[in-house]
Amino acid sequence: NRLQTDAFLPAGGLPNTIRTDNWESFLNEDGKVSSPLIVEAANIFIEQQARVKLTENGVLIVKDSSANKCGVICSAMEIIAHLLMTEDEFMAFRPTYVDDVLQHLRALASKEATIMFDEYKKGDGTWETSLPGIAERISRVMNYSSDHISAQLTDCLDRQHILELASSALLPSLREKAGDRLGQLPPGYIINMVAKHLSSQLVYHEGLDYVERSIPQDKFALVAVQYAEETKRVWDMVDAVSKADIASGSKEEIVELLRLGGPRIAVSRSRVFAPKAE
């Protein structure tokens, strides 16, 4: 490696460019790393065992599955818009939609970074609590949650309710423009779309431990749906409190408490967590 940098952001190149047989080239002659941070903007830029070796040598690696997740999401946003609109409609709508998509991606990137670095602060030095290990856990929990939600969704909701959830998963501008066309899409596509949306809401808002340990495996869809409903209700409360005639300091504290724990507490007290009848 020829450069000493604060951060290395590979945004292209062949898969496994940094491998087990060349990772040491990332070190300087004195054995210290040439950059303390790698953000894998390119897919599979670092081979897994090379990630392990670099991590052991003190490099913080934001793994590709977290670093370039917004690229995958952006593609999904483009696909759903094309499925719901004609080409001429989409081209006329594109400037508005691009602004909406960029705002959405910034919010999701912030949530991904927050959960990843919050978990990292609690780390014990093992691979599982390294940044790449946490990125793997985020993906694993997201997929585990969405798989269970999609498998259970039609058992607890009718088609109309599922379409309503799908509409809420659309970006506001697209919902207004073509949300009434969702019924034209294949049911499996709609269910997967809703499952991914509900899963990300649970993981980003409540964290990995909550999703892994607090939700009964056979009630993922019920919990996720109720959580989405309670989140909307809590935000309505937050809006009401914000407009209410309450002393300034108390108002901010109430709003913060509602945001932090309102949906989770409401779900925990609901029928969803009630024991099954014998």
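Guide: Helices are DSSP runs of H or I with at least four residues, strands are runs of E with at least two, and both are numbered from the N terminus. This is a predicted model, in which local features need pLDDT of at least 70, side-chain atom pairs count only at pLDDT 80 or more, and totals for chains, interfaces and linings use all residues. Residues are numbered from 1 along each chain as its sequence is written, and side-chain values use heavy atoms, with hydrogens and water left out.

Visitor: How many helices and strands does the chain have?

Guide: The chain has 11 helices and 2 strands. Read from the N terminus, the order is β-α-β-α-α-α-α-α-α-α-α-α-α. The C-alpha trace spans about 60 × 50 × 50 Å along its principal axes.

Visitor: What about pockets: how much space lies in the largest pocket?

Guide: The largest pocket holds about 1700 Å³ of space. Its lining comprises 44 residues, and His-104, Ala-169, Lys-196, His-197 and Ser-200 are the closest to the pocket centre. A pocket is an open set of points on a 1 Å grid over the protein atoms alone, where a 1.4 Å probe fits and protein lies on both sides within 12 Å along at least five of seven lines; lining residues have an atom within 4 Å of a point. Points are joined across faces, edges and corners, and the volume is the space filled by probe spheres set on them.

Visitor: Which element gives the largest share of that lining?

Guide: α8 does, with 10 residues of the lining of the largest pocket. The elements that each supply at least two residues are α2 (64-67), α3 (69-84), α4 (87-121), α5 (131-156), α6 (159-169), α7 (172-178), α8 (187-206) and α10 (220-243).

Visitor: And how do the residues of that lining divide by class?

Guide: There are 19 nonpolar, 16 polar and 9 charged residues. Nonpolar means Ala, Val, Leu, Ile, Met, Phe, Trp, Tyr, Cys and Pro; charged means Asp, Glu, Lys and Arg; the others, Gly among them, are polar.

Visitor: What volume does the second largest pocket have?

Guide: Its volume is about 490 Å³. The lining has 23 residues, with Tyr-204, His-205, Glu-206, Arg-259 and Leu-260 nearest the centre. Two or more lining residues come from each of α4, α8, α10 and α11 (248-268). The largest share, 7 residues, belongs to α4. By class, this lining has 11 nonpolar, 5 polar and 7 charged residues.

Visitor: Back to α8. At what angle does it pack with α10?

Guide: The angle is about 65°, with the axes of α8 and α10 9 Å apart. That makes α8 roughly perpendicular to α10 (65 to 115 degrees; under 35 is roughly parallel, over 145 roughly antiparallel, the rest oblique). Axes are lines fitted to C-alpha atoms over the stretch in contact, and angles run from 0 to 180 degrees between N-to-C directions.

Visitor: Which residues meet there?

Guide: Leu-198, Gln-201, Leu-202, His-205 and Glu-206 of α8 meet Ala-224, Val-225, Tyr-227, Ala-228 and Thr-231 of α10, where contact means heavy atoms within 4.5 Å. The contact has 6 nonpolar, 3 polar and 1 charged residues.

Visitor: How do α5 and α10 pack?

Guide: Their axes lie 7 Å apart at an angle of about 90°, so α5 is roughly perpendicular to α10. Tyr-144, Ser-145, His-148, Ile-149, Gln-152, Leu-153 and Cys-156 of α5 contact Phe-220, Ala-221, Leu-222, Ala-224 and Val-225 of α10. This contact has 9 nonpolar residues, 3 polar and no charged.

Visitor: At what angle do α6 and α8 cross?

Guide: The axes of α6 and α8 cross at roughly 55° and come within 9 Å; the two helices are therefore oblique to each other.
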